[in-house]
Amino acid sequence: MKQSTPMNRTTVQSSTPKNRIETPLASKANTKGDFNQKVQETAYQLFVARGYTHGNDLEDWFQAERIVKGA
């Protein structure tokens, strides 16, 4: 019987300070679909930057909208 080995997880360190989201996603969206996709991805990056802490999804979404609109 073949034994399975656990997958190695690697941690990716970012050089971006946690209080600053710097992303190419924060560029102007061309269509509504582009806008929603960029907001979704930016909101996720905010969630990651906060250390994967749950409970701030709406705040992340609204901040992501402001980031994408302002870019």
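Tyr-52 sits in the loop between α1 and α2. Helices here are DSSP runs (H or I) of at least four residues, numbered from the N terminus. The model is predicted, so local features need pLDDT of at least 70 and side-chain atom pairs count only at pLDDT 80 or more, while totals for chains, interfaces and linings use all residues. Residues are numbered from 1 along each chain as its sequence is written, and side-chain values use heavy atoms, leaving out hydrogens and water.

**The loop residue**
- Tyr-52 has a positive phi of about 60°, although it is not a glycine.
- Most residues other than glycine have a negative phi.
- Tyr-52 counts as partly exposed, at 47% relative accessibility.
- Buried means under 20% relative accessible area, exposed over 50%, and partly exposed in between (1.4 Å probe, protein chains only).

**Aromatic rings**
- The structure holds 2 aromatic pairs.
- Tyr-44 and Phe-47 make a tilted pair, 6.0 Å centre to centre with 45° between the planes.
- These two residues, Tyr-44 and Phe-47, are 3 residues apart in α1, so about one helical turn separates them.
- Phe-47 is buried, at 17% relative accessibility.
- Phe-47 and Tyr-52 pair edge-to-face, at 5.5 Å and 85°.
- Rings of Phe, Tyr and Trp (its six-membered ring) pair if their centres lie within 6.5 Å; planes under 30 degrees apart are stacked, over 60 edge-to-face, and the rest tilted.
- Ring pairs link Tyr-44, Phe-47 and Tyr-52 into a cluster.

**Helix α2**
- Asp-60, Ala-64 and Val-68 are buried in α2.
- They lie on the same side of α2, because they cover an arc of only 65° around the axis, taken from the directions from the helix axis to the C-beta atoms.
- On the other side, Leu-58, Arg-66, Lys-69 and Gly-70 are exposed.
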